[in-house]
Structures are given as C-alpha cells and as structure tokens.
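Hello,

Here is the structure I promised to pass on to you. Please open it and keep it in view while you read my notes below.

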Amino acid sequence: MCRPSEDMELALAGDDIATRTSAVVLKKEALNADIVRLLLRCKRPIDYRAGQFAHLIRPDKLTRSYSLASLPYSNGQIEFHVRCLQNGAMSGWIHDTLCVGDGVDVAGPFGDWFSVPGSSDGGLL
C-alpha cells in the first residue's frame, strides 16, 4: 500500500485547465417554442473547441452543463442553445427568468471529444 510521506494537495481531474468566470447576458432570443439562444460575454475569455461544453452556474449555485453552440470568439462571447425541459430547474429559469444584462457564472471548457486540425487520430462522419 502506498502512503504519502508528506502533505499533499488534491484536485479533481480537469480543475487545472477549466476556467471559471462571470458573464453577462448580451442577447436572449427564441429560436422556436422550446429553444432559446443565449449569448454571453465572459469577463475572462474561455478557450474552447467545437464539441466541448461548459457549466452555467446560477447565483444560487445550481449548475447545469450545456454544449457550446458557437465558434470560439476572440472577444469573450459564447453562445448556448437551451431547450426548456418540463420541470427543468435551470432551463426553466433561463427561459422564464434570466434577462439581458443579468449575470451568470461559466466554468469550462470540458470534454475531450473534438477534432484537432492536421491530426490523423480518427475521422468524423
């Protein structure tokens, strides 16, 4: 059995690469009856790739994961498409309560299923 010989600090996998930042809602528009487009401006830019996701965190700390729906912007803007789920605590709040100018926290990016240009590690259909 291995035992540490001195004090150690532990972290969850990915904690060292994920960014957590505050964001402001720039735009909220209905794409159809169930889905809203949410455009946020992050205080600190999040460096992400297509296929990754981020956590949206309400002021009361309720957290849900959503896929990033935009290409990476250099100006700190990110986009999500959020479907309103029946009895969905976060999606209902986003659809019914969250307004332009409101603040949320964003953590991410997460996920490692993305394409790297020039890589031959498998193809995408």
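Let me start in the middle of the protein. The largest nonpolar core has 22 residues, and the members that touch the most others are Leu 38, Leu 40, Leu 56, Ile 78, Phe 80, Ile 94 and Val 106. A nonpolar core here is a set of buried Ala, Val, Leu, Ile, Met, Phe, Trp, Tyr and Cys residues joined through side-chain atoms within 4.5 Å. Buried means under 20% relative accessible area, exposed means over 50%, and partly exposed is in between (1.4 Å probe, protein chains only). At least two residues of this core come from each of strand 1 (19–30), strand 2 (35–42), strand 3 (53–57), strand 5 (77–83), helix 1 and strand 6. Strand 2 gives the largest share, four residues. The helices (H or I, at least four residues) and strands (E, at least two) are DSSP runs, numbered from the N terminus. As background, nonpolar side chains tend to be buried together in soluble globular proteins.

Before going further, a word on what you are looking at. This is a predicted model, in which local features need pLDDT of at least 70 and side-chain atom pairs count only at pLDDT 80 or more, while totals for chains, interfaces and linings use all residues. Residues are numbered from 1 along each chain as its sequence is written, and side-chain values use heavy atoms, with hydrogens and water left out. The pLDDT is the predictor's confidence in each residue, from 0 to 100. For the protein chain it averages 86, and 80% of the residues score at least 70. Where pLDDT is low, the predicted coordinates should not be read in detail.

Six strands form an open sheet in the order 4-3-6-1-2-5, with antiparallel pairing. Its edge strands, which each pair on one side only, are strand 4 (63–67) and strand 5. From one strand to the next, the twist averages 40 degrees. Two strands count as paired if DSSP finds at least two bridges between them. Strands 2 and 5 are joined by seven bridges in the antiparallel sense. Two partners to look for in strand 5 are Val 82, which is bridged to Val 36, and Glu 79, which is bridged to Leu 39. Strand 5 is also mostly covered, with five of its seven residues buried.

Next, the helix. Helix 1 lies across strands 1, 2, 3, 4, 5 and 6, and runs at about 75 degrees to strand 4. That angle is taken between N-to-C directions, from 0 to 180 degrees, with axes fitted as lines to C-alpha atoms (for helices, over the stretch in contact). Six of the eight residues of helix 1 are buried: Met 90, Ser 91, Gly 92, Trp 93, Ile 94 and His 95. Which residues does Ile 94 touch, not counting those up to four places away in sequence? They are Lys 28, Val 36, Leu 38, Leu 56, Tyr 66 and Val 82. Contact means heavy atoms within 4.5 Å.

Glu 79 counts as buried because its relative accessible area is 8%, and Arg 37 is buried at 16%. Another salt bridge is between Glu 29 and Lys 27, at 3.8 Å, N to O. Here Glu 29 is partly exposed at 29%, as is Lys 27 at 37%. Lys 27, Glu 29, Arg 37 and Glu 79 are linked in a network of salt bridges.

Finally, have a look at Lys 43, in the loop between strand 2 and strand 3. Lys 43 counts as exposed because its relative accessibility is 70%. Leaving aside neighbours within four places in sequence, Lys 43 is in contact with Thr 21 and Ser 22.

Happy exploring!

How values were computed. A salt bridge is a side-chain nitrogen of Lys or Arg within 4 Å of a carboxyl oxygen of Asp or Glu.
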